[in-house]
Amino acid sequence: MTYAEFVNAYGARSIKVEIDPAAAARYLSARLLLPLVMLPVLGCGVALALTGWIWSGLTVIAIGIMAPRVLKRSAPHFILTQALQDERIYREVTTANILRVLPIP
């Protein structure tokens, strides 16, 4: 199915879209480089806690742990939204078998 057909069929609600949540989370994590972002944030939180800013440091650590989990949990919605807006992303996620388009019976 071409990108234009996908967008039109999704808008007309004549197709069903299945997104693998685990694969979507892995794709999003790799695309956003979440481990590379999470480690410096955690490091800053530890540095704040060790220099006397305990509550601020613990807050930054909590944000550093929770933000990637929240992003990964919302990955299927994010993938679908991006696939509807960008043809390149649509091709990537369909060839990686993250997004599957099924006809409605």
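Biologist: Where is leucine 33 found?

Modeller: Leucine 33 sits in the loop between H2 and helix H3 (34–50); helices are DSSP runs of H or I with at least four residues, strands are E runs of at least two, and both are numbered from the N terminus. This is a predicted model, where local features need pLDDT of at least 70, side-chain atom pairs count only at pLDDT 80 or more, and totals for chains, interfaces and linings use all residues. Residues are numbered from 1 along each chain as its sequence is written, and side-chain values use heavy atoms, leaving out hydrogens and water.

Biologist: Why is leucine 33 called partly exposed?

Modeller: Buried means under 20% relative accessible area and exposed over 50%, with partly exposed in between (1.4 Å probe, protein chains only). Leucine 33 has 48% relative accessibility, so it counts as partly exposed. Just after H2, leucine 33 also takes a positive phi of about 55 degrees.

Biologist: How do you know that the span of H2 agrees with what it should be?

Modeller: The expected span is 1.5 Å times one less than the number of residues. The 12 residues of H2 should therefore span 16 Å, and the end C-alpha atoms are 16 Å apart, which agrees.

Biologist: Which residues of H2 are buried, and what covers them?

Modeller: Ala23, Ala24, Ala25, Tyr27, Leu28 and Ser29 are buried. Their cover includes S1, H3, helix H4 (54–73), H5 and H6.

Biologist: What is phenylalanine 6 in contact with, leaving aside its neighbours within four places in sequence?

Modeller: Contact means heavy atoms within 4.5 Å. The partners of phenylalanine 6 include Met1, Ile15, Leu80, Tyr90 and Leu99.
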